[in-house]
Amino acid sequence: MKKNNLIQLVILFILGAAVLFSLLLPQLPHISNNEEIIQISMILRESDNSLWSNTRIGLEQASNEFNAELRFLSLSKTDDYNEQLELVKREIDGGADAIIIVPVNPDEFSNWLSNQKISCPIISIESPIKNANLTISPDCQMLGTALANAAIHRWRGNTVCLIDTSLSRTGITARIDAAEQTLKKHNIPVKRITISDNQILNDLPSLLLQYNSSDVITFEPYSTELAAKCKENNKLDFKLYGTGVSTYIAGCMERGTINAIAAWSDYATGYLAAQNAILLSRNKKPTFDSLPFRIIYWEDMYETENEKLLFPVIS
Amino acid sequence: MHKLFKRFALNIAGLYKKMSIQMVIARSFTTVAIIGMVFMGGSMVLHFLNTSSELIIENTERVLRQSNLNLDSYLRSMMQISDTMYYRVIKHSDLAKDSISNSMDLLYEENRDSLVSIALFNGTGELITSTPLSTLKQSAKPQESSWFLAALSKMENFHFSTPHIQRLFDHSDNQYHWVVSLSRYVQLTYGGVTKSGVLLVDMNFAGIEQVCQNVELANGGYIYLIDANGEIIYHPKQQLIYAGLHEENNIKASTYADGTYKETFLGEKRLVSVKTVGYTGWKLVGVVPNKTFSSGSPQIWFFGLSLILFSIFLLAFVNFRISAYISDPIQRLEHSINNLRIGTDNLQIEETGCYEVQKLTHSIRSMVSTMHHLMDDIIEQERQKRRSELEILQSQINPHFLYNTLDSIIWMTEAGRYDESIQMVTSLARFFRISLSRGKRIIPLKDELEHAKHYMTIQQIRFKNKFTTEITAQPDTENIYTLKLIIQPILENAIYHGMASCEDDGLIRVNAWRDNDDLIIDISDNGIGMRPEVVESLLDENKPEIKTSGSGMGVRNVHRRIQLNFGEQYGLSIFSEPDEGTSVRIRLPALNEELAKQMEENE
């Protein structure tokens, strides 16, 4: 056989093999056309996960769309860092492809993370973690500043109390710091009250009296609810500026208990967290830029755009 | 353009002229096949895309029709609730004395999955009765609500609102429902007096959502619902849109009439089908991404590319094989004909290839065979002709020579010069014997020299010894053979032209010697010589031959005979100077006995 003929036959064979290979490609175990199901574990910092129900719906929506399975885990005791860490370890060992976490102690968790060789992406919600792949949260400094500006807008001359329930949560601390700085910049007397969630209901009235305060700013949904409850229970007259969206908060706004809130879509938080976790697990570039938020005053809560944010359309 | 096309055609034609038949066939077939394949493939892809697009449109419109029916049915059921409440309860009740709460509760309970509340307001917005909750919120101002105002402004119609939060009634547990409000103007009877009122049926938004969700369209398409102003009523990503994380072209869609449109939104091409929902002016919009092959997976691209390459290469390969099957026998035939042209012996022409080529080969074989026979015949004829010519040449002995010689013998006998006449007769006899040589053309050199010697003996007697002759042969020429009768014509020339004016001092020398493989015979005289133009004309076939009264065989005759027998490189060379003499050199191959015999046999 001539050399040319042999070369032609070899090329023909290679091309034929390429056709067969491309036909078999989808059947090969490692190159399956169907994307592998991603296992996502969402680990909260609370024992009660009802506050995260909208977030969970967003997570589930994204998981359905992008072919992922979701495990939604809460702690047996709120803000128990060790338990949360154990849960993280257990989920990683159990083969989770991505971890979404609301960290109890972002700094500690960051230190722990820096000493680990973890291949799965870690996504933080609320507070940034240094070594995490991504943080899904509104810009904490902007949020703190916006809340402070809302309070300044209706300030009545007394001390503005900033309820600090952040403990070691750096994201919340950043919000409070920004609010404090903004208020101070406007020469408004500020008192930062470090208090636990449980103390709000009982101790807040006396503290407000003590500091001669008629304006209170809270920086977390739960503390906002507690402050509102305290206000209604004790029939107190102070302006309350809070954070987050829940039916209770909406009800309080409707009744005028809460004067304004910084609201963002928890559904969007969950959706974006799951979407980016899946993208990172599949070695794709994350798409998250920033989570928009809005200051809603109680008088305007039924404006169309505010209504959409305050009352998620959830079937 | 025409010139450009002509130039292109000429270039192609020029290229084709330089190509082999295999290349012409293979390239032409492959090109035509590829063009055909691309054309057919393109047509099929276009047809497929069109059909696919039509199917998608048909499917989308069918799904929209079905969804529209479902939605219509749902809305109709809501209107029936309103109608029932109005025509069967309110119209038959005097609200001053009758309570309609029980009927309202009953109606609500029957449809509680679809309803959030039913409420009846008077013309100023005061609540008359409602179910399931009966207390308005302090902040509620129904008379300022859009549904209330719409009902009073257009009394004859039903009014459907866009989805909103129902915030009329005081929920103890902070419940908020997304509802679509169906309101209508009603006439209320109070103690026989008719007053205006508004009947409100708050439909649970989830009911609409259930109608629209889980509707699947091709290519991952979806449907959404908008009101006449483009406000979204239902969208599968409604919450993302509300959060500002997703966008929809709903405002543009609200301007579309019923039908299907192509649009590009956020860089994505898509088909949008619109169907208006009766009563409400809402529009159901079906969106199908207009995906093409370009949006397929890399595996599809890889498969398509490798299939195309494989097809083209297979096509080219098969075409080359077929063209080779056709052209190879033709090329072999051409090669054979070339070999035939250069005279290769025992040429074999194989009859291979397809039928026509086999027939052609067969014909050429027959032709070659016929040609061989013809050539053999021609060679034989040429040989015969040459032989005849040689024989004619050899037989051209001038009868005058014989007559003059015999006349001289008679004259000498009458004069009593018997010795001389005997010598002359003896030489003549010897001369003729060697001339005949039993029919041989090739004779030993010594015979040829002897023949020359006898000739010169006769001529010396005739010319009364006006010249002398020296005939010598070098020792290495003893066994050499030569063409016969080649020296005598030269000697005759020397006698008649060189010695004519001599006075007993003429000298003619004949010397034979060997020059490697050649035999050289030099014949020189000291006669009057010749002018150069005469020398040049002697061997020139185009010039008239100089006739002598000698034996009749001229110098040119000898030259032609030698060249006919041995080739162009042999023959005569003449050197002459006027008044100095002439020298003629004969060059022949030095034939041994064996070669001489072989030549004789070939003849």
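**Exercise 1. Describe the open sheet of chain A: in which order do its strands stand, and which strands are at the edges?**

Step 1. In this predicted model, five strands of chain A form an open sheet in the order β2-β1-β3-β4-β5, with parallel pairing. Strands (E, at least two residues) and helices (H or I, at least four) are DSSP runs, numbered from the N terminus. Two strands pair if DSSP finds at least two bridges between them.

Step 2. β2 (68-73) and β5 (134-136) of chain A each have a single partner strand, so one side of each has no neighbour in the sheet. These two stand at the edges.

Step 3. On average, neighbouring strands are turned by 20° against each other, direction ignored. Such angles come from axes, lines fitted to C-alpha atoms (for helices over the stretch in contact); those between N-to-C directions run from 0 to 180 degrees.

Step 4. Inside the sheet, β1 (residues 38-43) and β3 (residues 98-101) of chain A pair in the parallel sense over four bridges. A:Ile40 has A:Ala98 in β3(A) as its bridge partner.

Step 5. Helix α2 (residues 53-65) of chain A lies across β1 and β2 of chain A and runs at about 160° to β2(A).

A note on conventions: residues are numbered from 1 along each chain as its sequence is written, while chains are lettered from A and ligands numbered from 1 in the order in which they are written. As the model is predicted, local features need pLDDT of at least 70 and side-chain atom pairs count only at pLDDT 80 or more, whereas totals for chains, interfaces and linings use all residues.

**Exercise 2. Which residues of the largest nonpolar core touch the most other members?**

Step 1. A nonpolar core is a set of buried Ala, Val, Leu, Ile, Met, Phe, Trp, Tyr and Cys residues joined through C-beta atoms within 7 Å.

Step 2. The largest core has 150 residues, and A:Ala98, A:Ile100, A:Leu147 and A:Ile217 touch the most other members. Helix α10(A) gives the most to this core, with ten residues.

Step 3. Leaving aside neighbours within four places in sequence, A:Leu147 is in contact (C-beta atoms, placed from the backbone, within 7 Å) with A:Ala179, A:Ile217, A:Tyr241 and A:Ala262.

**Exercise 3. How many residues of chain A are in contact with chain B, and which helix gives the most?**

Step 1. 30 residues of chain A are in contact with 28 residues of chain B.

Step 2. On the side of chain A that touches chain B, α1(A) gives the most, with nine residues.

Step 3. The residues of this side divide into 19 nonpolar, eight polar and three charged. Here Ala, Val, Leu, Ile, Met, Phe, Trp, Tyr, Cys and Pro count as nonpolar, Asp, Glu, Lys and Arg as charged, and the others, Gly among them, as polar.

**Exercise 4. What is the strand order of the open sheet in chain B, and which residue stands opposite B:Glu577?**

Step 1. The five strands have the order β13-β15-β16-β18-β17 (chain B), with mixed pairing.

Step 2. β17(B) and β18 (residues 581-589) of chain B pair in the antiparallel sense over seven bridges. B:Gly581 in β18(B) stands opposite B:Glu577.

Notes: Two residues are in contact if their C-beta atoms, placed from the backbone, lie within 7 Å. A residue is buried if 20 or more other C-beta atoms lie within 10 Å of its own, exposed if 12 or fewer, and partly exposed in between; C-beta atoms are placed from the backbone.
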